[in-house]
Amino acid sequence: INISVFPPSNACIGRYILNMQITSCGHTYQRCLGDFYVLFNPWCADDPVYVDNQAHREEYVLNEHGILYEGVHKHITSRPWHFGQFEDGILDICLKILDMGASYHHGSDRDHCWRNDPVHVSMVVNHMISSHTTNSIMKIPENNDYLKGTKPFSWNGSVPILQQWYNGRCRPVRYGYCGSLASVMCTVMRCLGIPSRVVTNFCFPCSIENPLGINEIFDCTGKNVCGKDKLWRYHCWNESWMARRDLNQCCGDWQCLDPTPLETGRGSACSGPTWVRSIREGELDLDYDGHHMFSRVNSSYVGWLSQNDTLKTKFFCDAWPCGQRLITKSIGSEQFEDITGAYKYELGSVKNKEAFYRAYRRIHPGYCNASNCHIERELSSLKNPFLSDSGINMRLKMANCPMYGEDVQLHWLLENLRSENKTLKFNLCAQIITYSGCPMDQFWKDSVNVTLGPREVKKIPLCISYSQYGPYLCDHNIMKVVAVSDPECGEVLMVSRDIVINRPPVIVKLLSQPRLKVPCTAEISFCNPLQEDMKNCVMTLEGCGLFKEPMTIDLGTLASNQQARTIVEFTPYRLGSHRLLANFGCHKF
């Protein structure tokens, strides 16, 4: 007997058991024919996650390989990630996540009625990634302390994280960061049939007091003083495609889901789903957490000089707006796609201003009847004055693209816009900054007297040696260079630059043609570029369809300029396009 099952498009997703009942000669027999899984179906036009483009379905549902974008908006770096949604056992783990998060809906899961709605399913998954009190999938280290767990940046894919959570009796995996959280969520959503992708937002504000403003405070040396607000250099979240029946949408569109718990003033919480188009239009009443998502791409930056506990002065500086750039992996390509226009209109355009005024009135109820001019005056009073208003233009320009172990070379460009001489004293410093905006060690300071003639342009070279920054960089490969004028000279000017230090590359070379169930070899090589030994060197290899579990190789100590070569053997166990990932770690990073 051939049996075909056609679940309706509104069936609840999950694992079903198929029983056959036979009545013969007055006797009834039951036989279990097996079990089957019902998932969301982006190929079905009646399904709320339907996507009408095959290339989009292949990228956002079927593709197991992704790319995470990090760094800063002027220097974007990337690293590959294995989603692994089709690996053995991952579907059962994803359904276990729904079981563990069931209490998120009405305190029970007796009727499972919410499991046919991708909106509610996405809310449960979003909550379970890192916000559940006891059984969340992954934790973020507090105060950057991850000695009791795995380094957040050492993960290559979602599969080991999900397996460790499942095999560890659903206890949180230690530790992750926003990129791994968003990627694990993307794996779960794709596994359940919901098209999803990871998005990176550069210049991401995290403010408790003012939802549309972010304050950074510096002392007179240029050191970033840790305050309540944080300006994340980048932040990753998830987008999922679905038709929002709760918003009367008849067609699918991208919905923003942020699984990273962030401080909102009422405790830490994840965000979403939020319709991306409602963020762009400033229609914040339509959706879950709309005001949080809007502020994360539209907040204003304000820089302050703290001269004592009570006196703070605004800098003359050219501040970058928050939500500077939003990108995701392109369809069928290793390049990124800029999707900033999906979240906000072009800065300064009429539509951009209209959306901002609309959102401002909803975020600040006291301005619900205020005119646009009134709101604009209020916003202008909060912003930093431009450098050009002081008669000086400045910027820091990179002279090289430094690799770990190389000196950092910059050009400090100054221009006098006035017809009289300018003499200023500047304090310069460099400081390690985490990706989440936490200021770390200040490792370099200097003072420079600058004299500019009328309309003169001057270029001053700056050099920060590896011996100065190397002992402090650790896992945080971002530093901030700041130049601040002495307050005694009058107006306080400030220019800054975030600098990314690139990691040394790991080279992977296949030595034989990969074939299904036939042993294959590859050569993994890494060279120590430092003028010192690298200790506790470890290479971690991973690949969906290539390794059942990550392979760890202990390399010990690598001397200066020593090259480590390792031959590994693996047997591809699944057809398809596969990627071998190699991650290097040592006592330095």
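Here is a walk through the domains, the aromatic pairs and a few charge-over-ring contacts of this structure. Keep in mind that we're looking at a predicted model.

Let's start with the overall layout. The protein chain splits into domain 1 (54-344), domain 2 (392-500) and domain 3 (506-585). If you take the C-alpha centres of domain 2 and domain 3, they come out 39 Å apart.

Now for the rings. There are 24 aromatic pairs in the structure. Take Tyr177 and Tyr435: with ring centres 5.6 Å apart and planes at 85 degrees, this pair is edge-to-face, because anything over 60 degrees falls in that class. Where do Tyr177 and Tyr435 sit along the chain? Tyr177 is in the loop between β6 (173-174) and α5 (178-191), while Tyr435 belongs to the loop between β19 (422-433) and β20 (439-452), so their contact ties together parts that are 258 residues apart in sequence.

Are these two tyrosines buried or exposed? The cut-off for buried is under 20% relative accessible area. Tyr177 has 1% relative accessibility, so it counts as buried. Tyr435, at 11%, counts as buried too.

Over the ring of Trp254 you'll see the charged end of Arg197, 4.1 Å from the ring's centre.

Definitions and conventions. Residues numbered from 1 in each chain as written. Predicted model: local features only at pLDDT ≥ 70, side-chain atom pairs only at ≥ 80, totals over all residues. Heavy atoms only, no water. Phe/Tyr/Trp six-rings, centres within 6.5 Å; stacked < 30°, edge-to-face > 60°. Helix = DSSP H or I, 4+ residues; strand = E, 2+ residues; numbered from the N terminus. Buried < 20%, exposed > 50% of the residue type's maximum accessible area, 1.4 Å probe, protein only. Lys NZ or Arg CZ within 6 Å of the ring centre and 35° of its normal. Domains from an automatic or database assignment.
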